[in-house]
Amino acid sequence: MEFASDNTSGVHPRILDAILAANAGPVASYGADPFTAAARRALADLFETEVHVTLVTTGSAANSLALSALVPPHGTVFCHGEAHINTDECGAPELFTGGAKLTPVSGRAAKITPEAIARVHRNFVRGFHQQLPAAVSITQATEFGAVYTAAEIAEIGAYCRAHGLHLHMDGARFANAVASTGARPADLTWKAGVDALSFGATKNGAMGVEAVVFFNAALAERFDFRVKRTGHVLSKGRFLGAQMAAYLADGLWLENARHANAMAARLAAGLSTLAGVRLATVPEANEVFAILPRPLHEALTASGAHYYDWPGDGPDGGGIGPDEVLVRFVCSFLTAEAEVDRLIALAGNPASEGAAR
């Protein structure tokens with residue numbers, strides 16, 4: 001019963017086939033190959049506009065490189081306190097930007113609003129004694145599984161434009177957000193004011209590829225030097241291009257995301273019927289946050305259920321009792337209905353698994 005992360009799933013067979021096909025014969029290196037060219041065209045088509053695309057191997061690299069082009073070393077980035085760039089990237093954004101600061105903003109379910117940004121932003125009144133406000137970063141879907149609507153992003157985008165800030169989106173689970181909202185990718189990004197997107201694929205069926213997408217080519221000026229200097233130019237770049245092109249072909253990226261979202265909804269619906277179990281938030285993508293009685297949590301993990309107990313006070317900042325545990329379940333493109341149903345059944349009768357063994 002694997003629900004720890006969508007990173008624990010393997011690679012979609014169609015992407016594996018594409019990697020194998022790209023392996024045949026000599027091909028130009030360092031991204032000057034037809035597979036990378038096809039991936040770039042596919043992303044331009046997806047977003048219905050010209051884009052500057054760089055393929056890298058990790059989400060941390062994508063986020064940190066994108067921010068390095070948007071934020072000077074003496075700048076700051078407003079982001080939610082739970083944002084991946086703030087909690088899980090070991091200072092990479094600060095390193096790649098040459099020392100820029102991350103300034104946390106609060107908000108329910110790891111979402112931020114223009115009002116919340118403004119409350120923090122208005123404290124920057126000391127001129128050069130403080131960092132220069134330079135950018136806002138939002139996560140789509142958020143670290144608590146919430147999804148921004150196009151209108152919500154547009155409000156943040158308008159705030160950024162009014163105050164001379166760039167807008168970055170960490171889209172590690174962008175596919176799940178698109179599948180959830182049904183919105184066009186363009187409406188969730190550049191049409192709403194997003195300047196740069198870290199477009200994720202690894203969590204949703206790829207082996208290891210992310211795209212840094214700039215919707216304003218001027219912001220990507222000499223970006224290739226940044227990528228090379230940080231060691232993120234892959235000599236055999238065709239294997240990144242092949243993954244991304246296959247990921248986008250025939251809607252595979254959305255097919256995978258819809259399945260993962262559906263499994264999360266199925267899991268949430270089942271858990272919500274169980275005595276003593278509470279959903280911490282309504283899942284909008286492929287993550288389910290639940291509050292479990294501690295004995296149930298211990299029984300589930302002892303029976304082989306793999307998921308994470310989650311630090312902190314939850315999406316609403318409280319309400320977790322001393323004998324309760326906040327946990328996160330994540331579904332992927334490989335999660336099966338039978339696996340979800342087994343977990344729900346076990347949670348409903350934790351003694352049954354032990355008796356069956």
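Predicted model: local features only at pLDDT ≥ 70, side-chain atom pairs only at ≥ 80, totals over all residues.
Strands of a sheet pair through backbone hydrogen bonds, and the pairing may be parallel or antiparallel. In this model, seven strands form an open sheet in the order 1-7-6-5-4-2-3, and their pairing is mixed. Strand 1 and strand 3 are the edge strands, each of which pairs on one side only. If direction is ignored, neighbouring strands of this sheet are turned by 20 degrees against each other on average.

Helix 3 lies across strand 1, strand 2 (75-80), strand 4, strand 5 (166-171), strand 6 and strand 7, and it runs at about 20 degrees to strand 7. Helix 7 also packs on the sheet, where it touches strand 4 and strand 5, and its direction makes about 145 degrees with that of strand 5.

Another open sheet has four strands, placed in the order 8-9-11-10 and paired in the antiparallel sense. Strand 8 (278-279) and strand 10 (308-309) stand at its edges with a single partner strand each, so one side of each has no neighbour in the sheet. Strand 8 pairs with strand 9 (residues 287-293) in the antiparallel sense over two bridges, and R278 stands opposite I291 in strand 9.

Helix 11 (residues 252-271) lies across strand 8, strand 9 and strand 11 (324-330), and it runs at about 20 degrees to strand 9.

## Where helix 8 meets helix 11

Helix 11 also packs with helix 8 (residues 174-181), at an angle of about 75 degrees and with the two axes 8 Å apart. Because angles from 65 to 115 degrees count as roughly perpendicular, helix 8 and helix 11 are described as roughly perpendicular to each other. On the side of helix 8, the contact is made by F174, A175, N176, V178, A179 and S180, while helix 11 contributes W253, L254, A257, R258, A260 and N261. Sorted by class, this contact has eight nonpolar, three polar and one charged residues.

## The two largest pockets

The largest pocket holds about 590 Å³ of space. Its lining has 28 residues, and those closest to its centre are H84, D88, R173, K203 and R328. Helix 3 (59-70) and helix 4 (84-87) are the elements that give two or more residues to this lining, and helix 3 gives the most, with three residues. By class, the lining of the largest pocket has five nonpolar, 13 polar and 10 charged residues.

The second largest pocket has a volume of about 260 Å³. It is lined by 16 residues, of which Y30, G31, R40, T54 and L55 are the closest to its centre. The elements that give two or more residues to the lining of this second largest pocket are helix 2 (34-47), strand 1 (52-56) and helix 9 (223-229), with strand 1 giving the most, four residues. The lining of the second largest pocket has eight nonpolar, six polar and two charged residues.

The structure holds one cavity of 30 Å³ or more, and the largest cavity has a volume of about 40 Å³. Its lining is made by H80, A83, A110, I112, S137, I138, T139, E143 and Y148. Strand 4 supplies the largest share of this lining, three residues. By class, the lining of the largest cavity has five nonpolar, three polar and one charged residues.

A110, one of the residues that line the largest cavity, has a positive phi of about 65 degrees although it is not a glycine. This residue lies in the loop between strand 3 (101-105) and helix 6 (114-121). The other backbone site is a cis peptide bond that joins Q140 and A141, with omega at about -5 degrees. A141 is found in the loop between strand 4 (132-139) and helix 7 (150-162).

Technical notes
Residues numbered from 1 in each chain as written. Heavy atoms only, no water. Pairing = 2+ DSSP bridges. Contact = heavy atoms within 4.5 Å. Axes fitted to C-alpha atoms, helices over the stretch in contact; angles between N-to-C directions. Parallel < 35°, antiparallel > 145°, perpendicular 65-115°, else oblique. Nonpolar A, V, L, I, M, F, W, Y, C, P; charged D, E, K, R; others polar. 1 Å grid on protein atoms, 1.4 Å probe; cavity = no way out; pocket = protein on both sides within 12 Å on 5 of 7 lines; lining within 4 Å. Points joined across faces, edges and corners; volume = space filled by probe spheres on them.
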